[in-house]
Amino acid sequence: MLRRLRPLLFLSPTLLILLSITLFPLVYSLYLASHTVILTNPMLSGWSLTDNLREVFIESPEYWESMLTTLILVVAVVTLEFVLGLMLAYFFFSNFRGRNLIFPFFLMPMMLTPVVVGTIWRFLFNGEFGLIAGLLKAVGVENYSILNQPSTALVGIVIADVWQWTPFMLLLLLAGMRALPRSPFEAAQVDGANAFQIFRDIMLPMMKPIIIIAVLMRTIDAFNRMFDIIYIMTNGGPGRASETLAVMAFRQSFEYFFMHQGAIVALSMLVIITIMVKILNRFIAGRKGA
Amino acid sequence: MSPKSRLYWIVCYGILALYGAFTLLPILYLAVSSFKTQQQIYDGIAATFWFTPTLDSYRFIFETKPILQMLTNTLIVSVGSTVFSLFFGTIAAYGLARYNFRGRDDLAFYILSIRMFPPIVAALPIFMIFNGLNLLDTKTGLIIAYTTFNLPFVVWMMTGFIKAVPVQLEEAAMVDGQSHLGAIWDILVPVLRPSIFAVAIFCIIFSWNEFLFALILTKSQAKTLPVAIPEFITWTEVGWNYVAAAGMVLVAPVLVFSFLAQRYMVRGMSMGAIKD
């Protein structure tokens with residue numbers, strides 16, 4: 001009996017901490033979502049779940065616009081990062097002199113503070129003195145900044161995110177390539193397959209589980225953390241052109257002080273993420289079992 | 001692999017050189033801008049990398065803003081949260097790695113999923129709760145908040161690392177008369193030391209770079225450096241050289257640390273989902 005309680009002894013402090021910093025806030029979030037909580041007007045309060053839900057999901061298009069912005073950004077960055085990451089991983093998979101020397105430099109962006117990354121790109125895109133504006137000036141375009149145009153602000157954010165997170169894909173996909181067994185490649189070579197056929201018909205299918213894990217991890221992370229660089233590059237603007245769900249939840253709560261609306265947006269993100277995490281877990285568990 | 005054609009190597013080197021330039025240029029741009037005067041920022045594209053460097057921007061930000069205090073805050077909160085999470089997380093990981101009990105995998109999954117939840121979901125209620133507990137704008141509060149992502153990371157990573165150490169090592173020590181805790185301390189911990197070191201580096205980097213919690217939960221006393229960066233911008237857009245200097249102060253230590261953690265990069269970034 002005592003022996004069966006042992007693992008609990010090791011786990012209980014962590015579980016207590018985790019429960020208090022997740023379950024308690026979650027319950028509090030549900031409270032926020034179902035009441036009227038306006039920081040600047042503490043007199044207003046009371047149960048209003050259906051009103052709140054209607055306000056966020058039905059009465060204004062803002063939530064769905066932010067959802068669309070988020071989806072566009074996530075799909076765009078994950079696709080680009082995957083394609084670029086796969087290409088770079090393939091090159092780093094081949095042997096050349098200086099490979100191990102230059103590889104760490106390709107990983108640098110991933111470790112930088114996202115806020116600083118956003119800052120760098122904000123200034124690179126700056127219409128007055130930014131490096132990119134300087135190049136445009138050379139071809140006759142004055143004071144142009146893509147971050148100031150609603151139609152192109154997202155492009156700027158995508159570039160910054162791709163710059164920071166392509167190294168993540170490179171790192172994971174390269175690790176995946178290195179873990180592949182040798183013999184299928186040798187057999188294909190004996191059969192006279194060319195490099196592209198080997199890549200398409202042997203390497204990619206064998207890497208499928210790792211590709212799925214890498215893409216899912218990046219998707220979850222992009223969905224969650226599309227905040228820091230946007231906050232600093234555009235703060236969701238111009239207008240609401242780059243307001244993702246995370247930025248919307250933040251602005252509702254801390255710019256307009258409608259805590260209940262922020263909580264509803266945040267909780268809706270939680271639901272979506274929970275589903276994605278469940279799928280991810282199935283793939284990780286599947287790999288461990290194999 | 002197979003010998004590659006000439007064309008392959010031309011394409012390979014060409015794309016690596018292009019992408020390498022794309023990767024390095026923004027970092028270099030940050031670095032050179034931090035050594036310029038405000039006037040030099042406007043000197044045009046030809047002068048981007050050709051100018052007389054000065055430390056004026058660094059001097060200015062350290063004199064006019066409490067950079068040192070914010071840097072200390074960032075360090076204390078990062079190390080504090082890392083030590084706290086490592087201590088409890090490693091103990092919990094031992095329980096998950098060494099015992100088989102009903103619901104263990106579900107429990108491990110619950111702990112992992114906390115790491116993947118949107119931070120904004122936790123940030124809103126934590127703000128309200130800290131407001132009630134007078135924990136807003138304190139380093140203690142921020143350390144607690146950072147535990148939400150560091151503790152699950154430690155548990156998940158260390159479980160994998162402990163599982164990789166054969167249990168026979170501890171059992172042999174216990175047969176020789178050592179207590180269970182004695183065996184863990186004398187046998188297991190020394191073996192795990194490099195793993196603990198790697199996990200610690202990742203926790204410190206994650207905390208060091210954190211922005212959302214720090215933005216919401218601190219004002220002045222416990223403010224960390226990442227939160228100060230946007231203030232430099234709203235302060236005056238033309239102060240790019242000052243922002244760059246502050247940015248350099250923030251990222252330089254991270255770059256050093258990340259080279260130290262190089263060997264563990266895959267495991268740390270994929271949380272062990274992909275073995276390196």
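Modeller: Helices (H or I, at least four residues) and strands (E, at least two) are DSSP runs, numbered from the N terminus. This is a predicted model, where local features need pLDDT of at least 70, side-chain atom pairs count only at pLDDT 80 or more, and totals for chains, interfaces and linings use all residues. Residues are numbered from 1 along each chain as its sequence is written, chains are lettered from A and ligands numbered from 1 in the order in which they are written, and side-chain values use heavy atoms, leaving out hydrogens and water.

Biologist: Happy to start! Where is F49(B) found?

Modeller: Look at chain B, between α2 (38-41) and α3 (56-64). F49(B) is found there, in the loop.

Biologist: Is F49(B) buried or exposed, or in between?

Modeller: Buried means under 20% relative accessible area and exposed over 50%, with partly exposed in between (1.4 Å probe, protein chains only). F49(B) has a relative accessible area of 42%, so F49(B) is partly exposed.

Biologist: Nice. And F106(A), buried or exposed?

Modeller: F106(A) has its place in helix α4 (residues 99-111) of chain A. Because its relative accessible area is 5%, F106(A) is buried.

Biologist: Which residues does F106(A) touch?

Modeller: Contact means heavy atoms within 4.5 Å. Not counting residues up to four places away in sequence, F106(A) touches L88(A), F92(A), P167(A), L170(A), L16(B), Y19(B), G20(B) and T23(B).

Biologist: How many residues of helix α11 of chain A are buried?

Modeller: Helix α11 spans residues 245-254 and is mostly covered. Among its buried residues are L245(A), R251(A) and F254(A).
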